[in-house]
Amino acid sequence: MEEHLAGRRRKLELMRKMQLPAYPNDFFPDHTAARLLAEHEGHEAAELEKIDTIYRVAGRIMALRSFGKAAFVKLQDRSGRIQAYLQKDRLGEEGFAVVKKLLEVGDIVGVAGRLMRTRTGELTLAADELRLLVKSLRPLPEKWHGLRDTEIRYRRRYLDLMVNSQVADIFRMRARLVSSLRRFFDSRDFIEVETPMMHSLAGGAAARPFVTHHNALDLDLYLRVAPELYLKRLLVGGLERVYELNRCFRNEGISTQHNPEFTMLEFYQAYATFGDFMKLSEELFAELARQLTGGTVIEYQGQRIDLSPPFARVELRQAVAEALGVDVARLEDVDFLRQQARRLEMETDSRAGPGKLQMELFECLVEPKLVQPTFVTSFPIEVSPLARRNDRQPELVDRFELYIAGRELANAFSELNDPDDQRSRFAAQMKAKARGDDEAMPYDEDYVQALEYGLPPAAGEGIGIDRLTMLFADAASIREVILFPLLRPGRQER
């Protein structure tokens, strides 16, 4: 490696001796590789000879073949790759000296010339001008084996994007997904808003927060675990349909499904119920599938998944009871639930009530089997401190979670707008925190006061953008769809 680095630096010094600017910024491309290939796809060699247009393309050299007085290079720009033909007769002595003495794979160049086809029929830019724009001082990953070490891929995403074209495709698709989400909600009269990322109280979700400190105010603040309470304050203020694409931070474990910093879509609508949002979610997922893949049937990790409505619906307690082979009534017996958890070698909180234990058993026994889109409903109030009670079964709430490919993709509920009920639930959360539950929500008196002014009947939903991207990109790990996932500090290579 040291020899390669030294050799490239010698070529940089040679550039200066040849009085060539080391890092010029005066070459401006007027075409991309993909545009040239698309515009001239059907043109034969004889037709191209009649075209006098000079095209200008810039990009990184990904391959170079030299043949004495000529060379072929593969240029890669943001759109793809195109071949360029570098010939001494066209470039002249000085121009071709750059090719012979300086050019290497990894360098960034600008090429201007006419189009031609090679004997093999490949569309090629025959260069009349060549500019070396950036001398790459480090060699790219080895040609045939590429960049396969996953930690290096994530840590040096710029290399990953450079040499693995399918990785760049994932992030282009992610950008289209986000644009599609915005169009979907904008067309339904929602407005996009921004709420604070630093909170004085870590509310809106049961999660451990990151803590920071504001020096001027001498105040501890929390990085947002969820924007929910701020968004519902906007409904109180009369903004009846809102959404936010937001970054959230949770001081929890890292896995193939979790990153401490992640992206959420949350949206809220006045005068709507969680049932309305089931229909809206079906429309949303089907629309995303059509826009991103051309249809509503996709493949994820070898499994065919049909995103066309309607989605299946199951009740949480009923699904757990069936998985255990017992009657639903047994699920109110805390001792029985703990016994089942021990049998399954699950770690559970000794302070957990029946609702939380039911949820943990569901996550162990049922969740991995929900491959096709499935709405899970009838959640215990114990695990839903911000959701509206069910009118017929007050121990449950009007909530659903959407599961696809064995993981949760969305969480929604009819909103709790009774300030007295919310105050009592916050108080219960504070008792849980006093007993050692680090994920219990804090008591937010200002939010309760907002409810006392009147939160209209409403529904809200959150969708994890990273997991959603995983689904459409057929990615097994969340790190594949986050440009710079969190990693432990690593040794820097020389």
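Pro 310 sits in the loop that runs between strand 13 (303–306) and strand 14 (312–315). The peptide bond joining Pro 309 and Pro 310 is cis, with omega at about 0°. The model is predicted. The protein has 494 residues, of which 49% count as buried, and its secondary structure comes to 15 helices and 18 strands.

**Backbone in the loops**

- Asp 189 has a positive phi, near 70°, and is a residue other than glycine.
- Asp 189 belongs to the loop between helix 7 (165–186) and strand 6 (191–192).
- With a relative accessible area of 59%, Asp 189 is exposed, because the cut-off for exposed is over 50%.
- Tyr 271 is not a glycine either, yet its phi is positive, at about 60°.
- The loop that holds Tyr 271 lies between strand 11 (261–270) and helix 9 (274–293).
- Tyr 271 has 57% relative accessibility and therefore counts as exposed.

- Glu 480 is in the segment after helix 15 (465–473).
- The relative accessibility of Glu 480 is 17%, so this residue counts as buried, the cut-off being under 20%.
- Apart from neighbours within four places in sequence, Glu 480 contacts Arg 153, Tyr 154, Arg 157, Ile 170, Phe 171 and Ala 475.

**Nonpolar cores**

- In soluble globular proteins, nonpolar side chains tend to be buried together.
- The largest nonpolar core here has 48 residues.
- The members of that core that touch the most other members are Leu 181, Phe 185, Leu 265, Phe 267, Ile 404, Leu 468 and Phe 472.
- A second, separate core has 39 residues, among them Leu 235, Ala 321, Leu 361 and Leu 451.
- Ile 404, from the largest core, is in contact with Phe 285, Ile 305, Leu 307, Leu 370, Val 371, Pro 373, Leu 409 and Leu 471, leaving aside neighbours within four places in sequence.

**Whole-protein values**

- Taken along the principal axes, the C-alpha atoms fill a box of roughly 85 × 50 × 50 Å.
- Among contacts with a separation of 6 or more, 66% are between residues 24 or more positions apart.
- The accessible surface is about 24900 Å², and carbon and sulfur atoms account for 49% of that surface.

Conventions
Residues are numbered from 1 along each chain as its sequence is written. This is a predicted model: local features need pLDDT of at least 70, side-chain atom pairs count only at pLDDT 80 or more; totals for chains, interfaces and linings use all residues. Side-chain values use heavy atoms; hydrogens and water are left out. Helices (H or I, at least four residues) and strands (E, at least two) are DSSP runs, numbered from the N terminus. Buried means under 20% relative accessible area, exposed over 50%, partly exposed in between (1.4 Å probe, protein chains only). Contact means heavy atoms within 4.5 Å. A nonpolar core is a set of buried Ala, Val, Leu, Ile, Met, Phe, Trp, Tyr and Cys residues joined through side-chain atoms within 4.5 Å. Accessible areas come from the Shrake-Rupley method with a 1.4 Å probe; for residues, only the protein chains shown count as cover.
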